[in-house]
Amino acid sequence: MKKIAVLTSGGDAPGMNAAIRAVVRKAIYHGVEVIGIEYGYNGLIQNQQRTVNIGDVGDMIHRGGTMLYTARSEAFKTETGRQEALQHLQNEGIEGLVVIGGDGSFRGANELHRLGFPTVGVPATIDNDIPGTDFTIGFDTALHTIIEAIDKIRDTATSHERTYVIEVMGRDAGDLALWAAVAGGAESVIIPEKEWDLDDITSRLLRGYERGKKHSIILIAEGAGSGLTLGKEIEKKTGLETRVTVLGHVQRGGAPTVNDRVLASRLGAHAVSLLLDGKSGVMTGIEHHRVVTHPFSHQFDTKQMSHNELYELSQQLSI
């Protein structure tokens with residue numbers, strides 16, 4: 001290969017720039033030209049692309065967001081849109097594509113692979129919901145943001161002797177809420193993967209206050225319910241003054257942590273190696289600290305890992 005392209009798609013995640021940097025520098029190291037596709041698959045259809053040189057990715061490893069921008073594309077979901085994208089890639093002499101993103105991004109990458117175009121995926125999403133990798137790029141940084149917020153909220157919760165409900169991201173996956181609950185010492189955690197009972201949560205709260213607790217923190221993933229609704233129900237059922245914080249998109253921003261920078265660098269570079277080795281229709285990942293490769297079908301056909309162990313631990317430590 002002499003020319004490859006890279007794009008970012010779906011929701012942005014801290015570390016995407018570090019992954020782009022790795023793709024560009026690894027490719028150039030091997031004498032391969034890199035084209036940056038702006039605005040994801042939408043940009044692929046609109047032929048919004050530019051050559052990316054070594055200097056273009058300088059001073060980028062520590063920056064959040066994505067220098068190539070991102071957008072969702074309804075047009076790419078159609079056969080006509082995919083054919084247009086493929087035609088632009090071929091017209092520009094591009095021989096392979098690295099897609100940095102999550103589940104939806106990989107489904108788009110797999111469609112290009114099925115059309116015969118060499119495509120490799122790099123998992124980047126704060127939700128950590130991609131089977132085939134222990135961690136996705138952006139997850140660690142988002143966790144740090146949540147924990148920083150919990151620590152600050154705990155100060156005011158103690159001062160006013162209040163209960164706080166904190167809603168975090170996680171449409172279909174509760175990893176952010178669950179990991180943050182354990183690391184932040186939350187009294188209860190509500191995630192999409194587990195059934196939950198309001199009576200159990202309120203009983204925990206009341207037991208705590210009866211033994212002298214001054215505050216409580218409850219974490220809920222957005223896919224498991226509304227933090228605002230939960231806060232009202234708790235206050236109504238217990239009489240305890242309850243406040244709600246919805247962290248929202250602040251979780252997606254900020255400079256990536258060391259873990260995310262290293263992970264992005266390893267996975268981005270490995271994606272280039274896979275293309276140069278003639279691989280396609282696969283994603284990179286990290287398992288037990290080792291870089292691995294799985295076909296896209298593995299991600300689509302495999303259920304997420306069980307949360308039982310960590311969930312049970314959170315229940316046991318929050319008595």
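Buried means under 20% relative accessible area, exposed means over 50%, and partly exposed is whatever falls in between (1.4 Å probe, protein chains only). With that in hand, here is a quick tour of a predicted model, in which local features need pLDDT of at least 70, side-chain atom pairs count only at pLDDT 80 or more, and totals for chains, interfaces and linings use all residues. Residues are numbered from 1 along each chain as its sequence is written, and side-chain values use heavy atoms, with hydrogens and water left out. Helices (H or I, at least four residues) and strands (E, at least two) are DSSP runs, numbered from the N terminus.

**The open sheet**

- Seven strands make up an open sheet with mixed pairing, and they run in the order β3-β2-β1-β4-β5-β10-β11; two strands count as paired if DSSP finds at least two bridges between them.
- The edges are β3 (49–51) and β11 (290–295), each of which pairs on one side only.
- From one strand to the next, the twist averages 25°; axes here are lines fitted to C-alpha atoms, for helices over the stretch in contact, and angles run from 0 to 180 degrees between N-to-C directions.
- Helix α9 (residues 258–276) packs on this sheet, touching β1, β4, β5 (119–123), β10 (282–287) and β11, where contact means heavy atoms within 4.5 Å.
- The direction of α9 makes about 145° with that of β10.
- β1 (residues 3–8) and β4 (residues 97–101) go parallel, over four bridges, and Thr8 has Ile100 in β4 as its bridge partner.
- β10 and β11, on the other hand, are antiparallel over six bridges, with Gly285 standing opposite Val292 in β11.
- Those two strands form a hairpin with two residues between them, and His288 in the turn has a positive phi of about 55°.

**Helix α7**

- α7 covers residues 198–210, 13 residues in total, and reaches 18 Å from its first C-alpha to its last, close to the 18 Å expected at 1.5 Å a residue; the expected span is 1.5 Å times one less than the number of residues.
- Which residues of α7 are buried? They are Leu198, Ile201, Thr202, Arg204, Leu205, Gly208 and Tyr209.
- As a reminder, an α-helix has 3.6 residues a turn, so residues three or four places apart point the same way.
- The buried residues of α7 pack against β6 (163–168), β7 (188–190), β8 (216–221), α8 (227–238) and α11 (308–317).
- After α7 comes Gly212, with a positive phi near 105°.

**Asp127**

- An unreviewed UniProt entry lists Asp127 under "active site"; such annotations may be inferred rather than shown by experiment, feature names are shortened, and positions are given in the numbering used here.
- Asp127 sits in the loop between β5 and α5 (139–160) and is buried, at 15% relative accessible area.
- Leaving out residues up to four places away in sequence, Asp127 touches Met169, Gly170, Arg171, Ala173, Asp175 and Leu176.

- Most residues other than glycine have a negative phi.
- Tyr39 is not a glycine, yet has a positive phi of about 65°; Tyr39 lies in the loop between β2 (33–37) and α2 (40–46) and counts as partly exposed at 32% relative accessibility.
- Asn47, also a residue other than glycine, has a positive phi near 60°; Asn47 lies in the loop between α2 and β3 and is partly exposed, with a relative accessible area of 29%.
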